[in-house]
Amino acid sequence: MDAATTTYGTRPSASGPAETATPGPTAGTGWSARPPAAFVRPPRPREDTRPGRWVVRLVFWAGLVAVIAPWWLDTPSGSLAGTGAVLTAAGRITGLLSAYLLLVQVLLMSRSGWLERWVGARSLVSWHRELGGFLVVAIAAHIAFIVVGYAATDHSSVTKETWTIVTGYEDMVTAVVAAALLAGIALLSIRALRRALRYELWYYLHVTSYLVLFLAYGHEFANGQEMVGGKLGRHLWIALYVLVGAEVLWGRLLGPLLLNRRHRLRVVRVIDEAPDMVSVYMIGRDLSRLDVKAGQFFRWRFLARGYWWQAHPFSLSAAPNGQWLRVTVKTVGDHTTALRRLRPGTRVYVEGPSGDFTADRRTAAGALLIAGGSGIAPIRALLEELPAGTVVIYRASTDQDLLFRRELEQLAEARGATLWYLVGSRDDPRTRHFLSPRGVRELVPDVTARDVYLCGPSGLIEQSQRTLRRLNVPRRQIHLDPFEF
Ligand SMILES: Cc1cc2nc3c(=O)[nH]c(=O)nc-3n(C[C@H](O)[C@H](O)[C@H](O)COP(=O)(O)OP(=O)(O)OC[C@H]3O[C@@H](n4cnc5c(N)ncnc54)[C@H](O)[C@@H]3O)c2cc1C
């Protein structure tokens, strides 16, 4: 292998960790020139703490059956005679389905800690996206079936029946507003439209879905046959609303408020790592009690003028060490560019931690970490929590783009890891070679016996995934953090 050009390896030496100049604050003020304790911490035990997504899936289907069952039990088969009755029945079922899916959608995004642990933050978002499509179809079908069904029963026109329903039934005007809002939110979720909007605008429009829940609530309880009266169905729906409301309140408001009150984070230092990369160091109270792992991210809100109204997700770029936290950010837009101007002392409000790009997700004995660009941030942190023998492949266009070289090399020494820098342009045949199945095998002969953690630009992630598939690395051993939801 040609080690002098595009790829250089750092193999562990027997001498143990060297002194480091890593700029991290000590417990009080000043800066430590000694290796943080986290550098030499033993790896966490190998375990998967999630009881499994199938439990959540099972609960979802059980819930669906439970909300439809009261209709089934209360509807004598003889009552479904005639087109009007059948269409109205279809309208009721799709109505129940819509109300249920809407609650599930809000629950999935409640930032509930147990859901994130069981399912994973990224999977929650992809479930939310998938269910969103079904919800829109269910609501459209509910409206169509009810209007046409009632019109058929009353022998009236669809237009006249629509008017009668909207003006004659309780809380129907707010229900129409809710449906219109939801249609708007669904439209904004179309990828092209979403990309055209500023992220914050899209986000704040999207969270109006809470309003949909609130506006739809009235007509469900006033007109929904299964929700009126003191029936079992009504109690079930009230319980569902209370559960979802409590999860949202805790996950989005009370949990973060308590966490921030306990730790009181503030910026202590902002360091330019490269022309387009910046690190922000933060300290706080009692950080040893902050329950976060390397590879996880928080949503960070810097409480200063011009920053406070945006919360952005950034992963920790050093494993938690009880003394300070660090994020390392690529300056890609307004907010990330403005981070360079953050003042020491700025208070920070966080939500999280989230994410399952963590060492305890391992299923194999060894680990391979592949990073590119800002993806080195969580990879650098993860290296601290993975066992000896871990291999890191760090892809960059030029030597100047390689971040944390000293830290990585010291960590590699301390933790018995092997470090490969893959430097060169995307079209460089040698760079391409080392990302091909043959090249990866040359660098990591036992790759199939390792969990692979991938973080970086989409091109690198896709290419690496293709390579790993061709090398027959089992899917469960591949962990991604593509920095997007
Ligand atoms: C789980 C996760 C972890 C991340 N960790 C890191 C990290 O450690 N280092 C790093 O450099 N980058 C990280 N990112 C990416 C980082 O969050 C975005 O680059 C940053 O928010 C862009 O903000 P901007 O206003 O400067 O750029 P903009 O130009 O406004 O946005 C660029 C793109 O970033 C995304 N984005 C913008 N604002 C947000 C937001 N509030 N929430 C979610 N996505 C947003 C959108 O897709 C947008 O199109 C992470 C992203 C995610 C989802």
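**View 1. F60 and Y100 are both buried, and their rings form a tilted pair.** Buried here means under 20% relative accessible area, exposed means over 50%, and partly exposed lies in between (1.4 Å probe, protein chains only). This is a predicted model, in which local features need pLDDT of at least 70 and side-chain atom pairs count only at pLDDT 80 or more, while totals for chains, interfaces and linings use all residues. Residues are numbered from 1 along each chain as its sequence is written, and side-chain values use heavy atoms, with hydrogens and water left out. The ring centres of F60 and Y100 lie 5.6 Å apart with planes at 35 degrees, so the pair counts as tilted. For reference, rings of Phe, Tyr and Trp (its six-membered ring) pair if their centres lie within 6.5 Å; planes under 30 degrees apart are stacked, over 60 edge-to-face, and the rest tilted. F60 sits in helix α1 (residues 53–74) and Y100 in helix α2 (residues 83–108), 40 residues apart. Helices (H or I, at least four residues) and strands (E, at least two) are DSSP runs, numbered from the N terminus.

**View 2. Y150 and Y169 make another tilted aromatic pair.** Their centres are 6.0 Å apart, with 40 degrees between the planes. Y150 belongs to helix α4 (residues 121–154), whereas Y169 is in the loop between α5 (158–168) and α6 (172–188). Y150 counts as buried because its relative accessibility is 18%; Y169, at 35%, is partly exposed.

**View 3. E351 and R111 meet in a salt bridge.** The N to O distance is 2.6 Å; the rule asks for a side-chain nitrogen of Lys or Arg within 4 Å of a carboxyl oxygen of Asp or Glu. E351 lies in strand β9 (residues 347–354) and R111 in the loop between α2 and α3 (113–119), so the bridge ties together parts 240 residues apart in sequence. Both E351 and R111 are buried.

**View 4. K330 and D276 form a salt bridge at 2.8 Å, N to O.** K330 is in strand β8 (residues 325–330) and D276 in the loop between β4 and β5 (277–283), so parts 54 residues apart in sequence are tied together. K330 is partly exposed at 32% relative accessibility, and D276 is partly exposed at 28%.

**View 5. R326 and E407 are bridged at 2.9 Å, N to O.** R326 lies in strand β8 and E407 in helix α13 (residues 405–415), so the pair connects parts 81 residues apart in sequence. Both R326 and E407 are buried. Look around them, too: salt bridges with shared partners join R326, R380, E384 and E407 into one network.
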